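Subject: A structure for you to look at

Dear colleague,

I am handing over a structure for you to look through. Please open it first, and then read the notes below beside it.

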Amino acid sequence: MFDWREWLEYILRWAATSPWEFVFTILLCLSPFFFISAILAWKLAQEIEAKEKEKKKKAKREAAIKKKQQKAD
């Protein structure tokens, strides 16, 4: 059976004996997740901007329609 305590002690010992190697390995393992997060954040920002533009466009169109209706009356 897998012993979590021994594994944790091994990791902590490794981090204490060679901290730069440990940090490098952790960053190497996490870098794909950072990259994916950056891409998703960029896509979300693009989507929010597109929705805001569409909202402004609709508001402008509705204002123009109201203005024409008031002129017709």
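Which side chain meets that of E47 in a salt bridge? The partner is K51, and the N to O distance is 3.9 Å, where a salt bridge is defined as a side-chain nitrogen of Lys or Arg within 4 Å of a carboxyl oxygen of Asp or Glu.

Before going further, please keep in mind that this is a predicted model, in which local features need pLDDT of at least 70 and side-chain atom pairs count only at pLDDT 80 or more, while totals for chains, interfaces and linings use all residues. Residues are numbered from 1 along each chain as its sequence is written, and side-chain values use heavy atoms, with hydrogens and water left out.

Salt bridges

By the rule above, the count comes to two salt bridges. E47 and K51 both belong to helix α2, which covers residues 19-72, and they are four residues apart, about one turn of the helix (helices are DSSP runs of H or I with at least four residues, and they are numbered from the N terminus). K51 is exposed, at 57% relative accessible area, whereas E47 is partly exposed at 45%; here buried means under 20% relative accessible area, exposed means over 50%, and partly exposed lies in between, with a 1.4 Å probe and protein chains only.

The other bridge joins the side chains of R5 and E9, with 3.6 Å from N to O. These two residues are four apart in helix α1, and therefore separated by about one helical turn. R5 is exposed, with a relative accessible area of 62%, while E9 is partly exposed at 39%.

Aromatic rings

Rings of Phe, Tyr and Trp (its six-membered ring) count as a pair if their centres lie within 6.5 Å, and planes under 30 degrees apart are called stacked, those over 60 edge-to-face and the rest tilted. By this rule there are three aromatic pairs. In one of them, the ring centres of W4 and W7 are 5.8 Å apart and the planes stand at 90 degrees, so this pair is edge-to-face. Both residues lie in helix α1 (residues 4-17), three residues apart, or about one turn of the helix, and together with F2 they form one aromatic cluster. W4 is exposed at 59% relative accessible area, but W7 counts as partly exposed at 42%.

The rings of W14 and F22 also make an edge-to-face pair, because their planes are at 90 degrees, with the centres 5.2 Å apart. F22 is partly exposed, at 22% relative accessibility.

W20 is found in helix α2, and it is exposed, with a relative accessible area of 72%. W20 is also one of the residues in a nonpolar surface patch, among them V23, F33 and L40, with about 1200 Å² of accessible area together. Patches are made of residues with over 30% relative accessible area and no salt bridge, where nonpolar side chains (Val, Leu, Ile, Met, Phe, Trp, Tyr) are joined within 5 Å and like charges within 9 Å, and the areas come from the Shrake-Rupley method with a 1.4 Å probe, with only the protein chains shown counting as cover for residues.

Finally, K68 also has its place in helix α2, and this residue is exposed at 66% relative accessible area. The C-alpha atoms of K68 and S37 are separated by 47 Å, the two residues being 31 apart along the chain.
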